[in-house]
Amino acid sequence: MGNRAIGAQEKFYKETNMNKDFGKKDFLPIWCEQCNVQGYIFVEDAEIPAFLICKKCGYEASQVWCPTCGMGGDFIKDIKKRPTFWYCSKCRTKYQLPSTFYDNPVTIHPESDLPEGSHIPEISNPKEVT
Ligand SMILES: [Zn+2]
Ligand SMILES: [Zn+2]
């Protein structure tokens with residue numbers, strides 16, 4: 001299973017000209033609420049907070065990680081208001097966002113943009129991909 005998943009990932013990187021990042025970046029499934037489709041993002045490290053923008057519709061979301069709970073997700077509320085911190089919904093820990101957080105948005109690629117044959121939803125935890 002792991003090998004097949006890596007193959008799909010490699011193919012995707014090649015066909016999107018991101019092969020230089022292959023092996024260096026994690027990818028995570030992100031749901032675009034506006035398109036109502038499954039999308040994917042590519043990040044250096046899933047534990048670094050990321051500001052996300054959907055390639056198709058411009059929907060804004062976040063991917064942040066709470067080391068206390070060991071869980072991540074779209075936890076930044078009212079992202080349109082550009083908050084400089086966020087609270088974990090579970091443990092209520094407050095986290096400061098980097099000052100450049102909104103300057104470097106990460107693109108959400110809708111699943112429909114993935115090359116045919118690279119259906120990869122079985123990867124729910126990038127940490128399992130070695
Ligand atoms: Zn969208
Ligand atoms: Zn937490």
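In what order do the elements of the protein run from the N terminus on? The order is α-β-β-β-β-β-β-β-β, that is, 1 helix and 8 strands, where helices (H or I, at least four residues) and strands (E, at least two) are DSSP runs numbered from the N terminus. The model is predicted, so that local features need pLDDT of at least 70 and side-chain atom pairs count only at pLDDT 80 or more, whereas totals for chains, interfaces and linings use all residues. Residues are numbered from 1 along each chain as its sequence is written, and chains are lettered from A and ligands numbered from 1 in the order in which they are written.

An open sheet of mixed pairing is formed by 6 strands in the order β1-β2-β8-β3-β4-β5; two strands pair if DSSP finds at least two bridges between them. Its edge strands, β1 (26-32) and β5 (71-73), each pair on one side only. Within the sheet, β2 (residues 37-43) and β8 (residues 106-110) are antiparallel over 2 bridges, and G39 stands opposite P110 in β8.

Of the 130 residues in the protein, 19% are buried (20 or more other C-beta atoms within 10 Å of the residue's own, with C-beta atoms placed from the backbone). Not counting residues up to four places away in sequence, Y40 touches F27, L28, P29, I30, H109 and E111, contact being defined by C-beta atoms, placed from the backbone, within 7 Å.

Terms used
A residue is buried if 20 or more other C-beta atoms lie within 10 Å of its own, exposed if 12 or fewer, and partly exposed in between; C-beta atoms are placed from the backbone. Two residues are in contact if their C-beta atoms, placed from the backbone, lie within 7 Å.
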